[in-house]
Protein chains: 4
Amino acid sequence: MKIDDLRKIGKIEYRGSKNKEKFSFKHYNPEEVIFGKKMKDHLKFAMSYWHTLCAEGTDMFGNATADKSFQKSDPLETYKAKADFGFELMDILGIDYYCFHDVDIAPPGKDLEETFALFDQMIDYLEGLQAKHGKKLLWATANNFADKKFMNGAATSPNADVYAIAAAKVKKTIDATIRLRGTGFVFWGGREGYETLLNTDMKKELDNFAYFLKLSRDYGRKQGFKGDFLIEPKPMEPTKHQYDFDTATAIGFLRKHNLHEDFKINVEANHATLAGHTFQHELRTAAIEGMFGSIDANEGDPQLGWDTDHFPKNVYCATLAMYEILKAGGFKNGGINFDAKTRRPSNTVEDLVLAYIMGMDTYALGLRKAIALIEDGRLDEFVQKRYDSYNRGIGKNIANQEVTLEELYEYALKAGEPEVESGRQEYLESIINQILFS
Amino acid sequence: MKIDDLRKIGKIEYRGSKNKEKFSFKHYNPEEVIFGKKMKDHLKFAMSYWHTLCAEGTDMFGNATADKSFQKSDPLETYKAKADFGFELMDILGIDYYCFHDVDIAPPGKDLEETFALFDQMIDYLEGLQAKHGKKLLWATANNFADKKFMNGAATSPNADVYAIAAAKVKKTIDATIRLRGTGFVFWGGREGYETLLNTDMKKELDNFAYFLKLSRDYGRKQGFKGDFLIEPKPMEPTKHQYDFDTATAIGFLRKHNLHEDFKINVEANHATLAGHTFQHELRTAAIEGMFGSIDANEGDPQLGWDTDHFPKNVYCATLAMYEILKAGGFKNGGINFDAKTRRPSNTVEDLVLAYIMGMDTYALGLRKAIALIEDGRLDEFVQKRYDSYNRGIGKNIANQEVTLEELYEYALKAGEPEVESGRQEYLESIINQILFS
Amino acid sequence: MKIDDLRKIGKIEYRGSKNKEKFSFKHYNPEEVIFGKKMKDHLKFAMSYWHTLCAEGTDMFGNATADKSFQKSDPLETYKAKADFGFELMDILGIDYYCFHDVDIAPPGKDLEETFALFDQMIDYLEGLQAKHGKKLLWATANNFADKKFMNGAATSPNADVYAIAAAKVKKTIDATIRLRGTGFVFWGGREGYETLLNTDMKKELDNFAYFLKLSRDYGRKQGFKGDFLIEPKPMEPTKHQYDFDTATAIGFLRKHNLHEDFKINVEANHATLAGHTFQHELRTAAIEGMFGSIDANEGDPQLGWDTDHFPKNVYCATLAMYEILKAGGFKNGGINFDAKTRRPSNTVEDLVLAYIMGMDTYALGLRKAIALIEDGRLDEFVQKRYDSYNRGIGKNIANQEVTLEELYEYALKAGEPEVESGRQEYLESIINQILFS
Amino acid sequence: MKIDDLRKIGKIEYRGSKNKEKFSFKHYNPEEVIFGKKMKDHLKFAMSYWHTLCAEGTDMFGNATADKSFQKSDPLETYKAKADFGFELMDILGIDYYCFHDVDIAPPGKDLEETFALFDQMIDYLEGLQAKHGKKLLWATANNFADKKFMNGAATSPNADVYAIAAAKVKKTIDATIRLRGTGFVFWGGREGYETLLNTDMKKELDNFAYFLKLSRDYGRKQGFKGDFLIEPKPMEPTKHQYDFDTATAIGFLRKHNLHEDFKINVEANHATLAGHTFQHELRTAAIEGMFGSIDANEGDPQLGWDTDHFPKNVYCATLAMYEILKAGGFKNGGINFDAKTRRPSNTVEDLVLAYIMGMDTYALGLRKAIALIEDGRLDEFVQKRYDSYNRGIGKNIANQEVTLEELYEYALKAGEPEVESGRQEYLESIINQILFS
């Protein structure tokens, strides 16, 4: 890929839904004020460093289809060129935020010390680019899953030295996050799980893992980090089972270990479906617990059993996601990270830009439609009425938790057969369609 | 089905693994002492009332293939005949326990009062049969999912009257459990979930649900029930999403609502796989939390996406389940309930007996093999050594939770590249095969 | 359910996409001419007799939630009332076609002879209703799966008498189809498969099955039936494996047995996804073979592993389906049958009507959008250009099948590294979104 | 990895099922005559070149964990060292066959010509090793999926030059197969499918694909190749949909294009389950059509939705596979290829050897148990009796295809309600368990 190809495309402008210019936004109009805020402040789009600037289209059966060395051979120069490309891409797309793993931004050194030194150089470089381009770090994370040493886990490794190295990388990345004024720090436990229970002391691993999170939290807070610590659940892949299986599991674990005040959930759409849930379900689950933090807005393929990380295109899904997010009060420290990659044969700069446009338009339209749903009011009104029996009589006593089982028993004996009302699912679904298609 | 067909078969005896008499146990030898206990006390087999005595082979596309009226037409007589058949079946199989839903054991009345009166008559009858046949109640449960009124939920119904009726049924069934000296009371939330989030106030439903469990617990304890309250997780089916999705989710919910001291988990094998887990995983998860209670030992079909409730036949699965159960200290108030049905075309008394024999032999063999695994010791020894680095140096500090992130950072910088050891999965798997097939 | 509730709702009119009257069509305007035909002739909507008039909301864990006896107790009167309700429902919705199984329309008799006599009476009755209401039969089918006798299969039963009975029911239903001037006769093999290979002679079953289809075809053609014989594939459920697994499997089987000239495929959307395909894929597969016949337009739930038969609501899916159908030349003898049921808690006449409205609007909108896609032309143009290399040079020789492997080898050695072009998936997906949302 | 580590382990000997020496066979005794043949001739084990000698433990989220450069830096020397290691591994394990892709055995050159020249050098080298070690080539295949140029397909590429290059590679690999006296030539269409139907002319791709197979067949036969051409079906992964979805689909395609006389199926166990089938089902399907050829004996994980390629360990699965294979007449040109890799953390030479031992023992035990099943006879006898009604009366007429629909109708009217017999699934399953565990 070449930065010149990016420059040829130029700044992407909003031109409305009917314009056929492919390099234009149909729905995303960043400065437009809607529902009390600018669109860009509702959506807080972020570029994912890894998919966008590092991944070259390999898959389990295929080699690279794109070259992301950006015409450099020196390692550090290559990483600077990646950064340059990334910040220009953000400029062109009007994206204000980005997210990275420690290993995305700098080349590895011959040992940890050199690796950290190179990392520091690149943090300087990124700080400069942030200032120059007016961009912000949404969140950072330590990649404690790709290297050979993490093959049995990082915070759940049976090897204490690996645990220590993982901890060191987290410390280094927290330091960088603070310096770059990031508002989130994510833990994705791609190897925090097991390949087989036969060789696994799951209890010890979970205890070590909780302690790892506690140490990280304590350190970050001590250093003045005010943002969110985030768990990104995923049920499986790469390992057979990952401990942060889904939102409910992660929250249960955090609560058990008394970490739920500092941690929130970064919900990823494709991880939700791999766990047997809708994206909306995971968002609702996090919101109910007051632990909704941020999202990774990619999409999976319902017929495929792995993380495909498609750029989001399904407006149903985006609408219901934005509906949950608006109901949860919108993004605070979080935002919309595109943990998405172009398909392997979509291997050009043009494809990358077109994919981001599609993703951003999908969520922009989702936002517009979610607002329309709320303003329409039929959905909310239906739900409110549906539970009305809990506002009076025995229902009120239940809701107020002022009843006994014996009282309910006596009540039931006299109640007669209740009139249970239709759930009206098809009607509610047709409202969604009307909001989307009118 | 006719009780005479049962009597023709007669008592099933243990005849060893090579005997070709189909009506014999190949592995289950109830009085044999093994690993410090009689096999029957290790396994605590239970007959499921519903599949065995009520279900007639209907499925979503087909009518009944078996007649379980037992040649009676009067409703109460039919239910007595069901019970008679069931207790003779238990005699023939040497099964000591049974499990039921309230609706399994007695016909419905014209209203709740009459229903409860009929239920009481049948409780008398069951009490008599227990004494006569020397059988025990493993656990009971209230069927708060089949009736039309529960179509939107029971403890999570939007209708407070439905909530009250569900509570009354639980009270009645707890009373019966106490009277029949049952050691468990199960909640399976087949309708405690949603068909669509569009019509659902999930937070309110979850709060109501937790309160329902609390009311039930408080009542049961007040009445002197000393057994376990049990949640049986299932991710979906019949509804699109059930709140007790899996063991981790249920435990997180119980802990949040401070119910985890009184509740344990009843793990069902097929529900585990529907949730994306192995049975072993779910058992381990419950055991780690000290919340392992009981099991439903059926099996699913890995190619099918619904609850098939096969009688268990997979000795790998039974061995690993019994391995986890032995490690967790064995059954206390719980046991092995066969929540299993013969295939729809296996519609004779013979099939029923043969299916139970297969299921019991599968778990008896699983027990024998699990003991062999423990006595062999290679597995345990491998795991113990694998985590040895946490017994000394920095690892010990981690395990003792006496370290800071900064200390780990300093340590890591000096540690060099760690030697990470192979997980030896294939070797451990071959040990399982050796234990099973030698 | 009561017919009066239907009459209260009255005729559903087209009022455009913004109208909030729930009992109105937003997109379906039957007499509107579009793309050369009236919408109703493009879409050929059909009512499914079984879900609409027979199914009462039972599921594997629950009893009926709706009463479809229509206030009758006499069996024949009940079935006449079902028919009356059905034809009035079609009137109200403006649906011109219906589909049925033999067992849907008439009560069973005490033996086959009486059953057929009752069936004949109801055929008379339906013929009268067709004339009175101006309705047509899209297709009929014999239910050779629900009864106990079919538990091991019908055309694949190990019992020859069962085979004969199944054949008799097909003959009777073909006769009725001819008399009612139906244009299709469907075979759905819900029990034509196996529960376990252990007891199955698959070769014999497949040979018997093929012969059954041949006998039926021969008989039908002899009687003057000019319509389509149709296979409706489904991979599993109710049985573990069904022989008509998917479109490709069914076509392979038909071709092997030389039946592919008379048979076409009735593609069901939810069956497609259960088989691991998109609905679009199955339609394309049938069309390529010239064997596209008709569709069952329901929808599944991507997180659930069974046939949920939702009324269709997903406009993406409906658009791509109608796109394939238009490309395949539109419906000839086939049409759009709603093999869909309201959710179990949607148990009122209102829900039924609302569900049909949603389904019809979804496909009406799908039709409008598919036409817009075709008229837009960008998709077709892209595909055409993509394969352009087969119109010249070596590509043309390949396309014309006038080359040898040696010639290709020689060519390749000189060809150099080819410039392989991006598949532009994200761009094409964004075109779909633009067509849908502008 | 180092060849010295292999030599330290030394020749693996058969020591019986109770021996705890991990580097020994428990069940595989190559020279033992059983069921009329030596075990090694029943099983015809093959080493997979790619997993064993090339794959280094990368996955979608992780880098290499094993080094397979075998201490060489020169490309050709590295590939010779791979071969040396492979042939010594075969010696140690007593494996007689191997399988490879063209790209596995030789380094790539700067262009096709140089690539082919290097390939030829390595074919010489392999020919020498075959003679020296007494090994044979089971089958070879052209890797037309990994390289960037195949990102849109090879035989189904929209680019005719890519098609030609793929053809050239097949020609080259067929030549090598003949020279090395291989008995099979496999086509696995990892990119012969689509990522999205939106950009795909499926009809053209399928026609081109069929022509590609025809050209390859014609060339091979002309050159005197007497072995099998084989299709290896897989439903998805790496692409969204692959045309050789499963055995039935591949056979239907081959028959349509009149290729079914020369082609057979190479059934892969994990591909079967990804397609929603059991391995046994796929084998039976191929055998019924007379198109069973060879197998890839790996295993998947029932909870994971991708190709995990575990070494086989499940003796149930291996027994039923060998049962089908024996019934189909055993292997002729085919054999058992281990398309399996050690888990990523099993990254040592020891692990590789232990994994092969487990795989070979699993199939050796499967063979022993399959023979025991056949000799036991209960299964076969049950099935034979089950279809007995087709040996007389109306059943015989059906089986002989000498009946009309009208005759069946008349027969059915008089037949009365048939006595349909139980399928006895649980009993048959318990026979399997008895054979396995006694």
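This report walks through a predicted model, from the contacts between its chains down to single residues.

## How the chains meet

Let's start with chains A and B. Their contact draws 76 residues from chain A and 76 residues from chain B. On the chain A side, these divide into 40 nonpolar, 19 polar and 17 charged residues.

Now move on to chains B and C. Here 26 residues of chain B are in contact with 26 residues of chain C. The chain B side of that contact holds 11 nonpolar, 7 polar and 8 charged residues. Chain B can be superposed on chain C by a rotation of 180° and a shift of 0.0 Å along the axis, with an RMSD of 0.0 Å. The two copies are therefore related as by a two-fold rotation axis. Again the same surface serves both, with 100% of the contact residues of chain B recurring in chain C. The residue of chain B that comes closest to this axis is Gly305(B), at 1.9 Å by its C-alpha.

## The nonpolar core

The largest nonpolar core counts 558 residues. Inside it, the residues with the most contacts are Ala167(A), Ala167(B), Ala167(C) and Ala167(D). Take Ala167(C) as an example. Setting aside neighbours within four places in sequence, Ala167(C) is in contact with Phe212(C) and Leu215(C) of its own chain, and with Leu405(D), Leu408(D), Tyr409(D) and Ala412(D) of chain D.

## The barrel of chain A

Chain A has a closed barrel of 8 strands with parallel pairing, in the order S5-S6-S7-S8-S10-S12-S13-S14. Strand S5 (residues 45–48) of chain A and strand S14 (residues 336–337) of chain A run parallel and are joined by 2 bridges. In this pair, Phe45(A) stands opposite Ile336(A). Helix H7 (residues 160–179) of chain A packs on the sheet, where it touches strand S7 (136–141) and strand S8 (184–187) of chain A. The direction of H7 makes about 170° with that of S7(A).

S7(A) and S8(A) are themselves parallel, again with 2 bridges between them. Thr141(A) has Val186(A) in S8(A) as its bridge partner. S8(A) is covered on both faces: Gly184(A) and Val186(A) are buried on one side, and Phe185(A) and Phe187(A) are buried on the other.

## An enclosed helix

Why does helix H9 (residues 247–256) of chain A count as largely enclosed by the rest of the structure? Because 8 of its 10 residues are buried. Among the buried ones in H9(A) are Thr247(A), Ile251(A), Gly252(A) and Phe253(A). The cover over the buried residues of H9(A) includes strand S10 (228–231), strand S12 (263–268) and helix H11 (279–288) of chain A, together with helix H9 (247–256) of chain B. Just after H9(A), Asn258(A) takes a positive phi of about 60°.

A few spots in the backbone deserve a look.

| Where | Feature | Value |
|---|---|---|
| Glu237(A) to Pro238(A) | cis peptide bond | omega near 10° |
| Glu237(B) to Pro238(B) | cis peptide bond | omega near 10° |
| Lys44(D) | positive phi, not glycine | phi near 40° |
| Arg181(D) | positive phi, not glycine | phi about 60° |

Pro238(A) sits in the loop between S10 and strand S11 (241–242) of chain A. Lys44(D) lies in the loop between helix H2 (39–43) and strand S5 (45–48) of chain D. Arg181(D) belongs to the loop between helix H7 (160–179) and strand S8 (184–187) of chain D.

Are these two chain D residues buried or exposed? Lys44(D) counts as buried because it has 22 C-beta neighbours inside 10 Å. Arg181(D), with 12 other C-beta atoms within 10 Å, is exposed.

Finally, Tyr125(B) is found in helix H6 (residues 112–133) of chain B. With 17 other C-beta atoms within 10 Å, Tyr125(B) is partly exposed. Not counting residues up to four places away in sequence, Tyr125(B) touches Lys80(B) and Ala83(B). Tyr125(B) and Phe150(B) are 25 residues apart in sequence and 28 Å apart in space, C-alpha to C-alpha.

Definitions and conventions. Residues numbered from 1 in each chain as written. Chains lettered and ligands numbered in written order. Predicted model: local features only at pLDDT ≥ 70, side-chain atom pairs only at ≥ 80, totals over all residues. Contact = placed C-beta atoms within 7 Å. Nonpolar A, V, L, I, M, F, W, Y, C, P; charged D, E, K, R; others polar. Least-squares fit on C-alpha atoms with pLDDT ≥ 70 in both. Core = buried A, V, L, I, M, F, W, Y, C linked by C-beta atoms within 7 Å. Buried ≥ 20, exposed ≤ 12 C-beta atoms within 10 Å, placed from the backbone. Helix = DSSP H or I, 4+ residues; strand = E, 2+ residues; numbered from the N terminus. Pairing = 2+ DSSP bridges. Axes fitted to C-alpha atoms, helices over the stretch in contact; angles between N-to-C directions.
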